[in-house]
Amino acid sequence: MSELFINVIVSASATLIITSSFLFEGVRSRAEKLSENLGYLFGCPMCMGVWVGAFVALAYGNDPFKLAMLTSLFSFFVYNILSLIGSLTDFLDVEDNNDE
């Protein structure tokens, strides 16, 4: 069970780096230029999570379907939590600037 958990964490982390980080911004923009669907895939943590999870599962000999689905859901959950934190931080910064 712990191996599955570690694989989900690794896959979700890689997914979030691919879909959200500055490091892969160029790759995402090139993918979008090649195809609208490919650009969507590289920008969607839930979509990319399926493929990253399947790849990691195949690389480590796990069930690709189970790991792909778990990675997809976990990536989507973490991405939304981080987006919510970012939105709250922006809101609080605006409120602080209005008080000055």
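## Helix H1 against helix H4

Helix H1 (residues 2-20) packs on H4 at an angle of about 135 degrees, and their axes lie 9 Å apart. The model is predicted, with local features requiring pLDDT of at least 70 and side-chain atom pairs counted only at pLDDT 80 or more, whereas totals for chains, interfaces and linings use all residues. Residues are numbered from 1 along each chain as its sequence is written, and side-chain values use heavy atoms, with hydrogens and water left out. Helices are DSSP runs (H or I, at least four residues) numbered from the N terminus. Axes are lines fitted to C-alpha atoms, for helices over the stretch in contact, and angles run from 0 to 180 degrees between N-to-C directions.

H1 and H4 are therefore oblique to each other; angles under 35 degrees count as roughly parallel, over 145 as roughly antiparallel, 65 to 115 as roughly perpendicular and the rest as oblique. H1 passes H4 in a right-handed crossing (a crossing is right-handed if the near helix is turned clockwise from the far one by less than a right angle, and left-handed if anticlockwise). On the H1 side, the contact is made by Glu 3, Asn 7, Ser 11, Ala 14, Thr 15, Leu 16, Ile 18 and Thr 19. H4 contributes Pro 45, Met 48, Gly 49, Val 52, Gly 53, Val 56 and Tyr 60. Contact here means heavy atoms within 4.5 Å. The residues of the contact of H1 with H4 divide into eight nonpolar, six polar and one charged; Ala, Val, Leu, Ile, Met, Phe, Trp, Tyr, Cys and Pro count as nonpolar, Asp, Glu, Lys and Arg as charged, and the others, Gly among them, as polar.

## Helix H3 and its partners

The axes of helix H3 (residues 36-43) and helix H4 (residues 45-60) come within 5 Å and cross at roughly 85 degrees. H3 and H4 are therefore roughly perpendicular to each other. Tyr 40, Leu 41, Phe 42 and Gly 43 of H3 meet Pro 45, Cys 47, Met 48 and Trp 51 of H4. By class, this contact of H3 with H4 has seven nonpolar, one polar and no charged residues.

H3 also packs with helix H2 (residues 25-34), at an angle of about 155 degrees and with the axes 5 Å apart. That angle makes H2 roughly antiparallel to H3. The contact joins Val 27, Arg 28, Ala 31, Glu 32 and Leu 34 of H2 to Glu 36, Leu 38, Gly 39, Phe 42 and Gly 43 of H3. Its residues comprise five nonpolar, two polar and three charged. H2 passes H3 in a left-handed crossing.

## Contacts of selected residues

Ser 75 is located in helix H5 (residues 64-99). At 0% relative accessibility, Ser 75 counts as buried (buried means under 20% relative accessible area, exposed over 50%, partly exposed in between, with a 1.4 Å probe and protein chains only). Not counting residues up to four places away in sequence, Ser 75 touches Ala 12, Thr 15, Leu 16, Pro 45 and Gly 49.

Leu 4 lies in helix H1 and, leaving aside its neighbours within four places in sequence, is in contact with Lys 66, Leu 67 and Leu 70. The C-alpha atoms of Leu 4 and Leu 67 are separated by 7.4 Å, although these residues are 63 residues apart along the chain. Ser 20 also lies in helix H1 and is partly exposed, with a relative accessible area of 38%. Ser 20 touches Arg 28 and Tyr 79, not counting residues up to four places away in sequence. The C-alpha atoms of Ser 20 and Phe 42, 22 residues apart along the chain, are separated by 8.9 Å.

## Cysteines

Cys 44 counts as buried at 12% relative accessibility, while Cys 47 counts as partly exposed at 26%. With a disulfide defined as a pair of cysteine sulfur atoms within 2.5 Å, the count comes to zero disulfides.

Definitions and conventions
Helix = DSSP H or I, 4+ residues; strand = E, 2+ residues; numbered from the N terminus.
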